[in-house]
Amino acid sequence: MDNCFCLTTFCTKVRRFAKQNAVMLIAFMAALITTLFVPIDRKYLAYFDYKTLTCLFCVLAVVCAFKNINFFYMLARKVVQLFGNARNSVLGLVYITFIGSMLIANDMALLTFLPLGYFVLTATHKENYMAFTFIMQNIAANLGGMLTPFGNPQNLYLYTKFSIPNGEFVAIMAPPFLFSVALISLCCFLFVRPEPLQLDGEKMRVNGPKAVL
């Protein structure tokens, strides 16, 4: 009986772990499958981009630290107080991602500002706009990064390869960038209603410093 109970508990924990880490497990299985076509050898050690992995780890560590000190909740409160309704808040989150992608590259902008969007929408019970906001932030990060030479890796390659001056590069990319901003803004106006926002004080307390401790 005890063995059956332990086995059931173990299976429950495995299922819970698999459900919570589905993307990681799928990526791990895909990596295992590729080893059937490229056998494992010493060259595998050279496949890892350790600099990029280290940078991403540091960014994620900083984001987690910000979460633990409730930095995103303080920002969420400021966003709600500043913009007042759902439409303006979503636009603000999208524009912040736009600007961030120009300065810190598109992937870093997403790692930084997606958690902020999550906290704003969950703290105001507007989860119905979560998927739309994340999609708009992803689009904004990729399209916003095209304006500057260091906004994404492709731009950096073209900028270095052809020695394009900064002003000329921005001038070339400005028309599609402005068109993208207008199009994304129009989508936000069409699909997000100007519903008033109010922070859930109970939710803020549950997810605040006491919960972290």
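The structure shown is a predicted model.

**Figure 1. The chain is built from eleven helices and zero strands.** Read from the N terminus, the order of elements is α-α-α-α-α-α-α-α-α-α-α. Of the contacts between residues at least 6 apart in sequence, 72% join residues at least 24 apart. The chain exposes about 14300 Å², and carbon and sulfur atoms supply 72% of that area.

**Figure 2. The largest nonpolar core of the chain contains 32 residues.** V94, V120, I184 and C188 are the residues with the most contacts inside this core. Two or more residues each come from α4 (71-83), α5 (86-104), α6 (106-123), α7 (130-144) and α9 (166-191). Helix α5 gives the most, with seven residues. In the view of V120, its neighbours within four places in sequence are set aside; the residues then in contact with V120 are A76, V79, V80 and L93.

**Figure 3. T122 lies in helix α6.** Its relative accessible area is 6%, under the limit of 20%, and T122 is therefore classed as buried. The side chain of T122 reaches the backbone oxygen of F119 at a distance of 3.3 Å.

**Figure 4. K126 and E195 form a salt bridge through their side chains.** The distance from N to O in this pair is 2.7 Å. Side chains of opposite charge can pair when their charged atoms come close. A search of the whole structure finds one salt bridge. With a relative accessible area of 14%, K126 is buried.

**Figure 5. A nonpolar patch lies on the surface of the chain.** The patch is formed by I33, L36, F37, V38, L45, Y47, F48, Y50 and L53. Together, these residues have about 1000 Å² of accessible area. One of them, L45, is found in the loop between α2 (22-34) and α3 (50-68). Is L45 buried or exposed? L45 has a relative accessible area of 57%, which is over 50%, and so this residue counts as exposed.

How values were computed:
Residues are numbered from 1 along each chain as its sequence is written. This is a predicted model: local features need pLDDT of at least 70, side-chain atom pairs count only at pLDDT 80 or more; totals for chains, interfaces and linings use all residues. Side-chain values use heavy atoms; hydrogens and water are left out. Patches are made of residues with over 30% relative accessible area and no salt bridge: like charges are joined within 9 Å, nonpolar side chains (Val, Leu, Ile, Met, Phe, Trp, Tyr) within 5 Å. Accessible areas come from the Shrake-Rupley method with a 1.4 Å probe; for residues, only the protein chains shown count as cover. A salt bridge is a side-chain nitrogen of Lys or Arg within 4 Å of a carboxyl oxygen of Asp or Glu. Helices (H or I, at least four residues) and strands (E, at least two) are DSSP runs, numbered from the N terminus. Buried means under 20% relative accessible area, exposed over 50%, partly exposed in between (1.4 Å probe, protein chains only). A nonpolar core is a set of buried Ala, Val, Leu, Ile, Met, Phe, Trp, Tyr and Cys residues joined through side-chain atoms within 4.5 Å. Contact means heavy atoms within 4.5 Å. A polar contact is a pair of N or O atoms within 3.5 Å; within protein, one must be able to donate a hydrogen and the other to accept it, and residues adjacent in sequence count only if both atoms are side-chain atoms.
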